[in-house]
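Trainee: Hi! Could you walk me through this structure before class?
Mentor: Happy to, let's bring it up.

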Amino acid sequence: MRFTVLTLFPELIEQGFSASITGRAMEKGLLELRCINIRDFASDRYGHVDDYPYGGGAGMVMQAPPIYRAYEAAVREGPRPRLVYLTPQGEVFTQKKAIELAQEEELYILCGHYEGVDERVLEEIATDRISIGDYVLTGGELPALVLMDAVSRMVPGVLSNEESGEDESFMNGLLEYPQYTRPEVFMGRPVPEILKSGHHANIARWRRNESLRRTKEVRPELLEKAELDKTDRKFLQSLESDIEEKN
Ligand code: ADE
């Protein structure tokens, strides 16, 4: 999969993406990164890419022409790619979206700055508008790295078998169960006995229950969409009666 990122801070994207698992995947040729510096397409020789907002108000707005020229230079004669514009005004990013975007061979990402981007260039080139959550960052670069990381690990071959994401948070609509490794006792806290039992079915049930317990405590709304069987529901009910007993 190839990412093309239109940004004012290409070093930030390159550095962030070259680390760790995504860096290894680039070396293996599974992922490719191309950063286009929007400033190279500025309208004047001072490198200006922003201007005052029509209608007044605080802050500056990124101008349409430099972004459009950067985009055209990247696309050349090729087909119009899918382009994600990162913005707090977008739909909230989820694991489902990451899986969907990982199907693309080519993904363009536009990082905004200042108070926003001239709407007209977005209408022209953006196919998706995505927010990474209900808070405001200073620019789209960190959100771009978040999105690229989540998408990349869903590209076949990027994760090794051991790292593979099938078992973890959100893949089954629940939060992940707690994990333990050596030492067996830390600060007086032992590893749960069952995890040392070697009894795979019991371990799987314990993990499932802990996932359910956590999800109910921290993100109860996820339970409404998760696929739950009879045993799951019984366990959740037992948690309710535990609470009632305590009260
Ligand atoms: N740019 C600034 N804040 C953002 C957010 N929360 N998500 C995506 N892009 C952003």
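Mentor: Let's start with Glu-210, which is found in helix H7, residues 200-218. Helices here are DSSP runs of H or I with at least four residues, strands are runs of E with at least two, and both are numbered from the N terminus. One caution: this is a predicted model, where local features need pLDDT of at least 70, side-chain atom pairs count only at pLDDT 80 or more, and totals for chains, interfaces and linings use all residues. Residues are numbered from 1 along each chain as its sequence is written, and side-chain values use heavy atoms, with hydrogens and water left out.

Trainee: Thanks! Is Glu-210 buried or exposed?
Mentor: Glu-210 counts as buried because its relative accessibility is 13%. Buried means under 20% relative accessible area, exposed means over 50%, and partly exposed is in between, using a 1.4 Å probe and protein chains only.

Trainee: And what does Glu-210 touch?
Mentor: Leaving out residues up to four places away in sequence, Glu-210 touches Tyr-177 and Pro-178. A contact here means heavy atoms within 4.5 Å.

Trainee: New topic: how many aromatic pairs are there in the whole structure?
Mentor: The search finds three aromatic pairs. One of them is Tyr-68 with Tyr-71: the ring centres are 6.0 Å apart and the planes sit at 35 degrees, so this pair is tilted. For the cut-offs, rings of Phe, Tyr and Trp (its six-membered ring) pair if their centres lie within 6.5 Å; planes under 30 degrees apart are stacked, over 60 edge-to-face, and the rest tilted.

Trainee: Where do Tyr-68 and Tyr-71 lie?
Mentor: Both are in helix H3, residues 64-75, and they are three residues apart, about one turn of the helix. Tyr-68 is partly exposed, at 27% relative accessible area, whereas Tyr-71 is buried, at 1%. Tyr-71 also pairs with Tyr-108: their ring centres are 6.0 Å apart and their planes are at 70 degrees, so that pair is edge-to-face.

Trainee: What does the pair of Tyr-71 and Tyr-108 tie together?
Mentor: Tyr-71 is in helix H3 and Tyr-108 is in strand S6, residues 106-111, so the pair ties together parts that are 37 residues apart in sequence. Tyr-108 counts as buried, with 2% relative accessibility. Put together, Tyr-68, Tyr-71 and Tyr-108 form one aromatic cluster.

Trainee: Nice. What about pockets, say the volume of the second largest pocket?
Mentor: Its volume is about 330 Å³. A pocket is found on a 1 Å grid over the protein atoms alone: it is an open set of points with protein on both sides within 12 Å along at least five of seven lines, whereas in a cavity a 1.4 Å probe fits but cannot get out, and lining residues have an atom within 4 Å of a point. Grid points are joined across faces, edges and corners, and the volume is the space filled by probe spheres set on the points.

Trainee: Which residues lie nearest the centre of that pocket?
Mentor: Of the 21 residues lining the second largest pocket, Leu-86, Thr-87, Pro-88, Val-136 and Leu-137 lie nearest its centre. Strand S5 (82-92) and strand S7 (128-131) each supply at least two lining residues, and S5 gives the largest share, five residues.

Trainee: How many of the lining residues are nonpolar, polar or charged?
Mentor: The lining divides into 10 nonpolar, 10 polar and one charged. Nonpolar covers Ala, Val, Leu, Ile, Met, Phe, Trp, Tyr, Cys and Pro, charged covers Asp, Glu, Lys and Arg, and the others, Gly among them, are polar.
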